[in-house]
Amino acid sequence: MVELAFDVKDDLRSVTGRESVTFAPDLATCELVFRAWPNKPATAQTGNSLVVTGVSVDGARVTPRVLSAGAPDHRAGTLVEVPLPACVRVGAKVTAELTFKLVLGSGTDERVGVAPKEQIAWFATAFPLLAWERGRGWATDPAVDVNGEMATSETFDLRSLKVVAPSRYQVLATGSASSVTSNPASGTTEHTFIESAVRDVGVTVGRLQTLEREVGGVRLHLGAPRTGSRVPLAEWADRTEQSLRRLTALLGPVPYPDLWISVLPGVSDGVEVPGAIQFGDLSDPEGLVSHEVAHLWFYSLVGNNQARDPWLDEAFASYAQRIVDGLESPRWDEHIPHNTAGRVGQPMSYWARFNGASEAYVQGVYEAGGSALLEARRRGGERKFDEAVRAYLRTNAHRIAVPADVRIALSGLPDALRVLVNAGALPGAP
């Protein structure tokens with residue numbers, strides 16, 4: 001269970017936060033480990049930071065140990081270790097209370113940042129994120145200098161997400177809107193959201209034009225700069241609706257009753273969070289919408305260790321995008337550089353070794369991985385493969401999947417498995 005509170009300052013450049021986490025491990029542990037992902041290289045270099053300012057465990061103050069774990073500034077590391085006053089046995093509950101400060105940098109083409117001119121701030125994966133993986137323990141993979149996600153988080157009950165912001169601003173956030181309470185004396189408004197099973201949260205605050213629509217029982221909430229966006233907000237809504245309908249037919253029901261979409265200035269791509277999406281303010285969003293919407297199933301519903309197995313969400317999202325957008329050919333792997341081919345299953349640390357690491361990562365995981373899954377679908381038979389993927393989603397819903405789970409799901413399709421082995425997504429022989 002998690003309770004979160006963000007207090008957004010008037011200039012949108014900083015946020016103070018509070019977090020309460022109640023956790024029952026399935027393995028004995030003598031510490032808690034949180035990740036501070038705004039401190040990874042791609043976001044820290046433009047002035048973003050997340051610093052834990054206080055911690056207590058079951059009411060007793062403790063001093064955390066902050067480790068760089070790939071952060072460029074050791075004072076704001078990505079790994080926060082919290083020693084427990086006493087080790088916790090399997091199934092026993094422990095509650096940690098944390099306070100933290102988030103600083104947002106301008107000119108950030110990533111999941112946290114601020115655009116002062118447009119008066120918009122956005123922050124996703126921007127709180128101390130408990131880094132537990134059931135059956136394995138703490139995920140301590142270091143951050144690397146690649147544009148991409150590296151988080152690991154089990155789903156949690158978001159008991160409340162409170163965002164206090166100046167009343168002149170609109171707020172979009174993960175979950176279902178529960179209440180809105182104004183405080184005329186302070187000139188602020190508290191927005192509360194709840195959701196029963198998410199593994200991350202995202203928030204956008206600012207001067208926004210907004211639009212709402214219902215699609216097949218899912219409530220769409222869209223926001224864009226009040227000064228305007230390159231593509232009208234209604235067109236973003238139309239594209240999202242089309243992608244939702246097609247992806248639902250391919251993958252099954254949408255996992256969340258609310259979907260919050262932010263169109264952000266100065267951002268060139270998209271970012272997924274359970275029940276929320278950040279889109280860059282692009283003049284041509286072709287291909288972007290379906291990929292990010294597909295992450296509602298791959299990463300949000302079925303999670304993965306994004307540092308260790310990034311293909312489990314990015315390659316699957318690319319594969320689903322290609323199908324629903326009618327872009328299954330020509331084959332991507334015909335244009336993939338030799339040094340990135342056949343490496344689909346490599347971790348983020350592997351791609352960080354390349355000159356042009358982010359480009360190599362996209363080619364080797366998004367493109368080659370999406371191509372391999374499409375070829376596996378062709379070899380295994382579209383109907384059987386689609387049924388197997390839907391079964392994989394049902395079986396692993398609200399879990400952190402590993403490549404072995406894909407092998408199990410496709411066990412009746414040896415030709416499809418052979419493609420994924422040859423692509424380097426799965427080890428060994430099918």
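Buried means under 20% relative accessible area, exposed means over 50%, and partly exposed lies in between (1.4 Å probe, protein chains only). The model is predicted: local features need pLDDT of at least 70 and side-chain atom pairs count only at pLDDT 80 or more, while totals for chains, interfaces and linings use all residues. Residues are numbered from 1 along each chain as its sequence is written, and side-chain values use heavy atoms, with hydrogens and water left out.

**View 1. A salt bridge between Glu133 and Arg308.** A salt bridge is a side-chain nitrogen of Lys or Arg within 4 Å of a carboxyl oxygen of Asp or Glu. By this rule the structure has 24 salt bridges. In the one between Glu133 and Arg308, the closest N and O atoms are 3.1 Å apart. This pair links distant parts of the chain, 175 residues apart: Glu133 is in strand S12 (residues 132–133), and Arg308 is in the loop between strand S24 (303–304) and helix H4 (311–324). Helices (H or I, at least four residues) and strands (E, at least two) are DSSP runs, numbered from the N terminus. Glu133 is buried, at 3% relative accessible area, whereas Arg308 is partly exposed, at 22%. Both residues belong to a network of salt bridges that also includes Arg136 and Asp309.

**View 2. A salt bridge between Glu154 and Arg134.** The N to O distance is 3.2 Å. Glu154 lies in the loop between strand S13 (137–138) and strand S14 (156–166), and Arg134 in the loop between S12 and S13, so the pair ties together parts that are 20 residues apart in sequence. Glu154 is buried, with a relative accessibility of 10%; Arg134 is partly exposed, with 43%.

View 3. Glu375 is buried at 10% relative accessibility, and Arg379 is partly exposed at 45%.

**View 4. An aromatic cluster.** Rings of Phe, Tyr and Trp (its six-membered ring) pair if their centres lie within 6.5 Å; planes under 30 degrees apart count as stacked, over 60 as edge-to-face and the rest as tilted. The whole structure holds 16 aromatic pairs. The rings of Trp311 and Phe316 have centres 5.9 Å apart and planes at 25°, so this pair is stacked. Tyr319 and Phe385 form an edge-to-face pair, 5.9 Å centre to centre with 70° between the planes. Tyr319 is in helix H4 and Phe385 in helix H7 (residues 382–395), 66 residues apart. Tyr319 is buried, at 1% relative accessibility, and Phe385 is buried, at 0% relative accessible area. Phe298, Trp311, Phe316, Tyr319, Phe385 and Tyr392 form one cluster.
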